[in-house]
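Q: Please take a close look at one part of this model for someone new to it. What holds the middle of the fold, and what sits around it?

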Amino acid sequence: MTPARLRVVIAAASSIALGVGGIAAADGPHRHDHHAIDAAAESAFQREMDASMATMMEAMHAPGYSGDADADFLAMMVPHHQGAVDMARLVLQHGRDPATRQLAEEIIAGQTVEIDSMQRRLALLQQRPARPSADFPSLGGTRGP
């Protein structure tokens, strides 16, 4: 990591820890972008992103733990991936960078497929009888029985 990038990461982490918004603080008074910033749009993005993350975190913890690590993992990962989809959609609404927008589209496509896969697997796991705790899990594919 370059020293300049490290400074940006440290400043961003400090901003988050202190509750100060955005990575823009890392740029300081010497911002190098020459585009006008639409403060209202930036604020809307920030509000919507924060709301999306809060919704995701609440949904991840809503089911609680069942004692089945597989089912608990899937139950938490579905809203986690949905949060990624929701945030990617926000970038498509508010973002301008073509490469970031393309990445957001790829995230939506990939995460949507994974959400469907996880939901189907979770439904199957929830139908099976509880296995004894002494049962050692077999090694195999990630989406196998």
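A: The largest nonpolar core has 14 residues. A nonpolar core here is a set of buried Ala, Val, Leu, Ile, Met, Phe, Trp, Tyr and Cys residues joined through side-chain atoms within 4.5 Å. Buried means under 20% relative accessible area, exposed means over 50%, and partly exposed lies in between, with a 1.4 Å probe and protein chains only. L74, M118 and L122 have the most contacts inside this core. Helices α4 and α5 (98-127) each supply at least two of its residues. The largest share, eight residues, comes from α4. Apart from this core lies another, of six residues, among them M49, M56, M60 and M87.

The model is predicted: local features need pLDDT of at least 70, side-chain atom pairs count only at pLDDT 80 or more, and totals for chains, interfaces and linings use all residues. Residues are numbered from 1 along each chain as its sequence is written, and side-chain values use heavy atoms, with hydrogens and water left out.

Now the helices. Helices (H or I, at least four residues) and strands (E, at least two) are DSSP runs, numbered from the N terminus. Helix α4 covers residues 69-94, 26 residues in total. From first C-alpha to last, α4 reaches 37 Å, close to the 38 Å expected at 1.5 Å a residue. The expected span is 1.5 Å times one less than the number of residues. At the start of α4, a side-chain oxygen of D68 comes to within 3.0 Å of the backbone nitrogen of D70.

Helix α5 has 30 residues. Its end-to-end C-alpha reach is 44 Å, close to the expected 44 Å. Buried residues in α5 include A104, I108, Q111 and I115. S117, M118, L122 and L125 are also buried there. Part of their cover is α4. Take M118: leaving aside neighbours within four places in sequence, M118 is in contact with L74, M77, V78 and H81. Contact means heavy atoms within 4.5 Å.

Next, helix α3 (residues 39-61), where E48 has its place. E48 counts as partly exposed because its value is 32%. Leaving aside neighbours within four places in sequence, S52 is in contact with G83, D86, M87 and L90. E48 and D86 are 38 residues apart in sequence, yet 9.6 Å apart in space, C-alpha to C-alpha.

Terms used: Polar contact = N/O pair within 3.5 Å; in protein donor to acceptor, adjacent residues only side chain to side chain.
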